[in-house]
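Hello,

Here is the structure you asked about. Please open it first, then read my notes below.

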Amino acid sequence: MGDRGEHRAPADERRGNHRDVQPRDRGVLQRLLGRTDGITRRSLAKGTLATGAAIAAITLVGCSNDEGKPPASGEPEVVTDSSKIIDALSEYAEADLGIAATQTWSLPLGTTLFHSEGSWAAAMLTPESAVNPNTLGLLSLSSGSITTVMESPTRGRGYSFHDLRCADGVLAWVEVNYGTRDWALFGQGLSGGALTGQAVQLDSGDADWEPAPFTCTGSSVIWQKMPMATGSKRAETSTCYRWSVGEAEGTGIWESTGRFATHPRVAGTILTIAPRVLNEEGTYYGMTALDLADAEPKQIDQLVLPASIRPFEAVYTGSVFAFSIEASYDSGGSLGQMGTFIGREGGPYVYFSREPAAQIMFEGTRFLIKTQSAHYLIDTEKEQLQGFSSADRSIGLGDFPASEGNAPTPLVFATVRDAKGIPAGVTARLLTI
């Protein structure tokens with residue numbers, strides 16, 4: 001993403017306006033990380049809710065604090081007290097946490113997998129003929145078999161499949177004309193691994209608009225319409241939309257003045273996005289958790305990072321945010337350091353200092369983090385961690401998570417070399433964490 005690398009210093013130190021985290025009992029973290037149920041709605045902190053074409057600011061009434069968690073303040077979280085950071089690599093014990101591959105499949109070279117939820121993973125496949133550069137398919141997570149579901153782009157010649165996702169009830173994909181850089185996002189019903197109904201064009205754009213980042217959950221598609229980081233539309237507002245199978249068009253649910261920082265991620269019924277916030281005060285990103293159970297999603301938590309610090313990935317578990325920063329910043333305190341953090345406003349935060357390489361997956365208090373050469377499972381309740389090696393002969397080619405969000409059996413895949421060091425195929429593994 002073109003603007004992720006901007007590391008601009010804040011205009012001022014904002015003394016008296018940020019939330020400077022003070023020491024707190026470490027047991028607070030264990031109580032927060034040990035709970036994923038009983039979510040209550042919190043006050044809306046300078047967010048914007050969009051319904052259809054109308055965009056309206058909504059303030060939610062605070063609920064009783066039955067979880068022992070204070071409501072999010074909406075102020076930037078600047079952590080300067082080292083006691084609020086729990087360094088997993090130095091403070092957690094290495095242990096056998098039981099992470100293992102329960103299924104392993106060998107797939108054709110060039111296969112790329114995406115698993116939002118459910119019993120199927122979307123698969124970008126190499127074609128059997130030269131007519132199209134790629135085709136769309138589904139991988140069964142029970143049998144490991146792949147079925148081709150679409151051979152040619154809906155928009156015809158000149159377009160190629162660019163990205164795709166699926167859940168048990170919907171398939172979504174982006175088609176791009178790489179000559180003109182025009183693109184379109186489509187959604188279509190899915191049942192039992194087979195397409196149903198007709199494809200619906202959900203959105204489109206030209207070279208000034210980034211091909212939509214999107215995800216799938218249930219029978220819904222959630223996407224972000226954002227301007228490119230450079231170009232004539234770069235100052236335009238970005239909008240997050242939701243569409244469900246059977247609807248004629250999508251509905252706007254959230255706005256960002258400027259680009260969203262992260263890909264939309266869903267865990268259960270909670271969507272995590274990272275819009276711009278506090279626009280009159282500087283460049284701030286607020287990782288925001290929205291409850292999708294309502295027709296009009298409501299904010300249930302938010303964590304605003306220090307000035308100019310942009311999250312790389314973020315997901316909300318129901319009690320804490322798990323988020324990563326892909327580079328170290330000169331300002332911003334501890335939350336401006338490269339690595340992965342687990343916590344919420346007020347801290348403390350579990351910190352994993354390795355460079356993040358992909359989205360974060362979790363199950364309960366266990367978090368699976370991808371680095372350049374391995375996966376690491378961190379158990380915040382047991383205060384233990386375990387490294388899990390990438391597939392043999394895949395180092396340098398990547399071993400990436402296909403799953404996202406709440407993933408008790410995450411899917412990972414890697415391009416592997418043959419004995420001569422030549423890329424030969426793709427190894428997909430279904431893990432248990």
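The protein has 2 helices and 37 strands. Both are DSSP runs numbered from the N terminus: helices are H or I with at least four residues, strands are E with at least two. This is a predicted model, in which local features need pLDDT of at least 70, side-chain atom pairs count only at pLDDT 80 or more, and totals for chains, interfaces and linings use all residues. Residues are numbered from 1 along each chain as its sequence is written, and side-chain values use heavy atoms, with hydrogens and water left out.

Of the 433 residues, 55% count as buried. Buried means under 20% relative accessible area, with exposed over 50% and partly exposed in between (1.4 Å probe, protein chains only). Now take contacts, meaning heavy atoms within 4.5 Å. Among those between residues at least 6 apart in sequence, 52% join residues at least 24 apart.

Next, the strands. Strands of a sheet pair through backbone hydrogen bonds, either parallel or antiparallel. Here two strands pair if DSSP finds at least two bridges between them.

I342 sits opposite V350 of strand 29.

Which strand is mostly covered? Strand 19 (residues 238-244) is, with 6 of its 7 residues buried. Strand 18 (residues 220-227) runs antiparallel to strand 19, over 6 bridges. There, Q224 has C240 of strand 19 as its bridge partner. Strand 19 also pairs with strand 20 (residues 251-256), antiparallel, over 5 bridges. Y241 is opposite G252 in strand 20. Strands 19 and 20 form a hairpin with 6 residues between them, and G246 in the turn has a positive phi of about 100 degrees.

Strand 14 (residues 183-191) and strand 15 (residues 194-205) are also antiparallel, with 8 bridges. S191 has A194 in strand 15 as its bridge partner. This hairpin has 2 residues between the strands, and G192 takes a positive phi near 60 degrees.

Finally, look at D81, in the loop between strand 4 (77-78) and strand 5. D81 is buried yet has no salt bridge (a side-chain nitrogen of Lys or Arg within 4 Å of a carboxyl oxygen of Asp or Glu). The nearest side chain of opposite charge is K84, 6.3 Å away. Lys and Arg count as positive, Asp and Glu as negative; His and the chain ends are not counted. The D81 side chain does make a polar contact with the side chain of S83, at 2.9 Å. A polar contact is a pair of N or O atoms within 3.5 Å; within protein, one must be able to donate a hydrogen and the other to accept it, and residues adjacent in sequence count only if both atoms are side-chain atoms.

Best wishes
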